[in-house]
Amino acid sequence: MLKLDHISLKAGDFTVDDVDLTVASKEYFVLMGPTGSGKSLLVKAVCGILPVQSGTICIDGNDVTDLEPGKRQVGYVPQNSSLFPHLSVLDNILFPLKVRKLPKKKAMSNIEPVIEALGIGSLLSRSTVNLSGGEQQKVALARALSFNPKLLMLDEPVSALDEPTRCEICGLLKRIQQDFSIATVHICHNLEEARIVSDRIAVIADGRIAQIDTLKNLMDKPKANVVKKILRLAD
Amino acid sequence: MIFRLPESSTEVVKSKRNGLFVVTIACLAIFVVMVCLLILADIFYLMHWGVGLKKLGQILSSPQVLDCLRRSFVTSIIALLLILMTAVPVGYALSRYRFFGHSIINTFIDMPIVLPPVVLGISLLAFFGSPLGHWIKVGLQHYGISLVSSLGIVMCQYIVSVSYCIRAVKASFDNVDRRLEHAALTLGCSQFQTFRWVTIPLARNGLIAGGIMAWARAIGVFGPLMVFVGTGSRVQVMPTNMWLELNVGNIETALVVALITMTIASIALVVAHFLAPGRKWS
């Protein structure tokens, strides 16, 4: 579903260098690494917000490296949810469909399953400003799923939440990913989060991929110190 | 005295009446009293000369004053539209893009703010005396349009006020979270749709406040008008009318027009303050 081929990019002084990775369709892929390791930059590059210096990004077999963000069919949930404060919850969720000029009736029927799956029916008329952190993330997820994207990119979607809410949302994310059969890339630096959601994990440090494998294999055979450190296996 | 700590704290504390508090609050009080005295002086002066409500009504309904009021409003509204058409794209470009010469242009934008207004009038005269300006002037005259008309007034109002609006518009675009624009892009918006549906609505209050400030500035333009279009009856606006009335010793009319200008400016300031980004009415 997603294939990154020798991706290099630069933001200020920081460089992400020669990243290769593949995410299968229907796979829940977790990108782990310490703060400032380049995880978010990589996600932004896949979403088209940040240009790459070299390499290619393929989504569903199509080269999207030079495609503008809106044409990549990627649902993006940023760290702070980034809901539009001037729109209600419903208008936020309908926003991508309004952009695509879908009639309101068709748009409403499109978002119904998403709203039901996330259990946010009671929030629709509310302003986004007064929502709790967990509710905001659910609405942001609904908005990202509303236009049936091929790929879901979640940039630390639960890092700002308290522990019980974090576990609840992680469980929800995994269930949604399975229900909608959508390839998902989830950034985190929390082992518990990765344990709940991941099919495979890539550990990234200093802008380079250190190891990609299932959590079990990473735990059993860590290939680098940074992997041990991230998985809390280091002495 | 009791006051609240800014935003981060809701704790109410008793102020310590230290030296700094006394000095700064005293300066604030003197300034407020000074401004109030200036406004009250106009009112007392009118009362002193027996300008009651009846006389006030007579002055306000005189054809000359009404003509000036109408011309001031019409020209300043046209100037405001032109100012917004300039300030929104220019403010956005300065806020969002970094290009060669950005800092210099950003500084250059403030030039009309720091220059004495009369200099701008002289510059307009000089421009229309140059070959290019002369060519434009002749072209306009060909269609029966003179610069010594509402067109000249609008030019002066535009040139003096546009920088204020650009500055305010840029500040309100700066305040819009870039992450919201990124989110809109990934949700399918083009750059223009993001601007139309996300950036503009989020910067709306700042844009309105900037427009009001620029309009208030435009309606009060005086120096450039004196230099560029003069004081003929076809080009008189409120500030030039005030000056003419003063010159002929008709101070009551000048003061009434001054009070109208002050009222307009006060309303504009209150609305602009209320709408300005990041400000809360308190």
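This is a predicted model: local features need pLDDT of at least 70, side-chain atom pairs count only at pLDDT 80 or more; totals for chains, interfaces and linings use all residues.
Residues are numbered from 1 along each chain as its sequence is written, and chains are lettered from A and ligands numbered from 1 in the order in which they are written. Local features need pLDDT of at least 70, side-chain atom pairs count only at pLDDT 80 or more, and totals for chains, interfaces and linings use all residues, while side-chain values use heavy atoms, with hydrogens and water left out.

Chain B contains 13 helices and two strands, assigned as DSSP runs (helices H or I, at least four residues; strands E, at least two) and numbered from the N terminus. Its C-alpha atoms occupy a box of roughly 60 × 60 × 30 Å along the principal axes. Of the 282 residues in chain B, 38% are buried (under 20% relative accessible area, 1.4 Å probe, protein chains only). Among contacts (heavy atoms within 4.5 Å) in chain B with a separation of 6 or more, 70% join residues 24 or more positions apart.

In chain A, A:Arg72 is located in the loop between β5 (62-63) and β6 (74-77). The residue is buried but has no salt bridge (a side-chain nitrogen of Lys or Arg within 4 Å of a carboxyl oxygen of Asp or Glu). The nearest side chain of opposite charge, A:Asp66, is 6.4 Å away. A polar atom of the A:Arg72 side chain lies 3.0 Å from the backbone oxygen of A:Ala45. Not counting residues up to four places away in sequence, the residues touched by A:Arg72 include A:Val46, A:Cys47, A:Ile57 and A:Leu67.

Notes: Buried means under 20% relative accessible area, exposed over 50%, partly exposed in between (1.4 Å probe, protein chains only). Lys and Arg count as positive and Asp and Glu as negative; His and the chain ends are not counted. A polar contact is a pair of N or O atoms within 3.5 Å; within protein, one must be able to donate a hydrogen and the other to accept it, and residues adjacent in sequence count only if both atoms are side-chain atoms.
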